[in-house]
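Let's take a walk through this structure, one piece at a time.

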Amino acid sequence: MLLKRIIPCLDVAGGRVVKGTHFRQLRDQGDPVSMARTYSEQGADELVFLDIEAAPQQRSTLLDIVERTARQVFIPFTVGGGIREVDEIRVLLRAGADKVSIQTAAVQRQELITEGARLYGSQCIVVAIDAKRVKRGGSDRWEIFTHGGRNSTGIDAVEYAQEVVSLGAGEILLTSMDRDGTRQGFDLPLTRAIADHVPVPVIASGGVGNLDHLVEGIRQGHATAVLAASIFHFGEFTIRQAKDHMVRAGLPMRLDP
Amino acid sequence: MIALVDYGAGNLRSVQNALDTLGAQSVIASTPDGLMHADAIIFPGVGAAAPAMAALRARGLDRALRDAIRQGRPFLGICLGLQLLFDSSAEDGATCLGIFQGTVDRLATTEKLPHIGWNTLERVANHPVLAGLEREAMYFVHSYVGVPRDRQLVAAETTHGVTFVSAIAAGSMIAVQFHPERSGAAGMKLLNNFVQYARVQPPTLTLPRKGRGI
């Protein structure tokens, strides 16, 4: 049976792991490669690196992190942040990344998804969706934002998720901007709305503050993987503690490191 | 020396990194010559079947791979490197290497596809490369699966809504649908088994298929 996944997320800026609230107020958390190794040893099922600056001049720093991680860590990892060209996908995969996460460019140039999937397979094309609850004509819905949550698009998140999957996305990394950094738990209605409407796996992200939130993301949000940062970075819980908790809640998890 | 088959689309780097960690020497081989002189061959792969086959043919590697497997050189196929061993793939209608009879079909499951993540093995046959691995979780990333005509080839199965073949083995050839180089300690164990096997294994003939000159 397919096991549920726990994915620690490493937001990278200036060659360091940082963490903020609502995409702001960044704090230094440590060296990305040694953090990646520690999480892998604790039993993380996968890792995500997000280059939150996504500045072209920082690309060599990111590539260096990818290469060094690939030499030391033998679980899958995804790299994202500012990818705009198919050639960037190729370079990251060759450096050792297993998947790339595309966000802003996926909205602006959808052929990047199509081309990336055609050349490297859907399995390595993750589309990251940052969604925020909005009121439109009295009813709630979620709209997607780009550029690290700064730009509103007016695009409906559920429709967009279905569209990117039809274009070739193999996975959706879904972040609730309302919950990110709040430690109040995932936006479960959002997660469920997307997970129930696309045939590909959904990784829930944004808002994890305790271990019950991880269980909820899967049970009530219907996500196949849960992503968290601060509860692991701040040393509150190890990955193994999180997995033990999820197993006690009846979820199938991988317990060997 | 273990040769890693390079046809421009494989995840060579991660496999080579894993071999480095295990202290096994490896070389990237993009020509038939490179394969000819190797003690053992690893055939990794990600991506789609048709472009991979086109790249293999353009380099003359299709023939070299058939020869190496027939000669009984220790061989490990990974993911697409398993699928390409069969006759054809439904992924894009590609004609594959045809070393083993069978097809590559889309996984007929009602569960989510691609099948991404950790899933457990059910070992159904013994092979030295699977020693010590019974029901371990391995990392899978795929939507298509190999369907061998000869059930004797099946070494392990996995279930994702439906049960499919997650490893095949015959003689000194083994191929796995999951990614051992991405499967943590369990995957490293499999790769280490292969490294040890490649060191001690005298060539044993792998069943050539009947009625076809390969």
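This is a predicted model: local features need pLDDT of at least 70, side-chain atom pairs count only at pLDDT 80 or more; totals for chains, interfaces and linings use all residues.

Strand S6 (residues 102-106) of chain B runs antiparallel to S10(B), and five bridges link the pair.

Now zoom out a bit. These strands belong to an open sheet of three strands in chain B, ordered S5-S6-S10, and the pairing in it is mixed. At the edges sit strand S5 (88-89) and strand S10 (144-148) of chain B, each pairing on one side only. As for what holds such things together, strands of a sheet pair through backbone hydrogen bonds, either parallel or antiparallel.

## Chain A as a whole

Over in chain A, you'll find ten helices and twelve strands. The radius of gyration of chain A is 17 Å, close to the 18 Å that the globule rule gives for 257 residues, so this chain is as compact as a globular protein of that length.

How many of the 257 residues of chain A count as buried? The share is 53%. Also, among chain A contacts with a separation of 6 or more, 65% join residues 24 or more positions apart.

## Where the chains touch

The contact between the two chains takes 31 residues from chain B and 29 residues from chain A. On the chain B side, the elements giving two or more residues include helix H1 (12-21) and helix H6 (184-200). S7(B) gives the largest share of that side, six residues. By type, the chain B side splits into 13 nonpolar, twelve polar and six charged residues.

Terms used. Residues are numbered from 1 along each chain as its sequence is written. Chains are lettered from A and ligands numbered from 1 in the order in which they are written. Two strands pair if DSSP finds at least two bridges between them. Helices (H or I, at least four residues) and strands (E, at least two) are DSSP runs, numbered from the N terminus. The radius of gyration is taken over C-alpha atoms; the globule rule is 2.2 Å times the number of residues to the power 0.38. A residue is buried if 20 or more other C-beta atoms lie within 10 Å of its own, exposed if 12 or fewer, and partly exposed in between; C-beta atoms are placed from the backbone. Two residues are in contact if their C-beta atoms, placed from the backbone, lie within 7 Å. Ala, Val, Leu, Ile, Met, Phe, Trp, Tyr, Cys and Pro count as nonpolar, Asp, Glu, Lys and Arg as charged, and the others, Gly among them, as polar.
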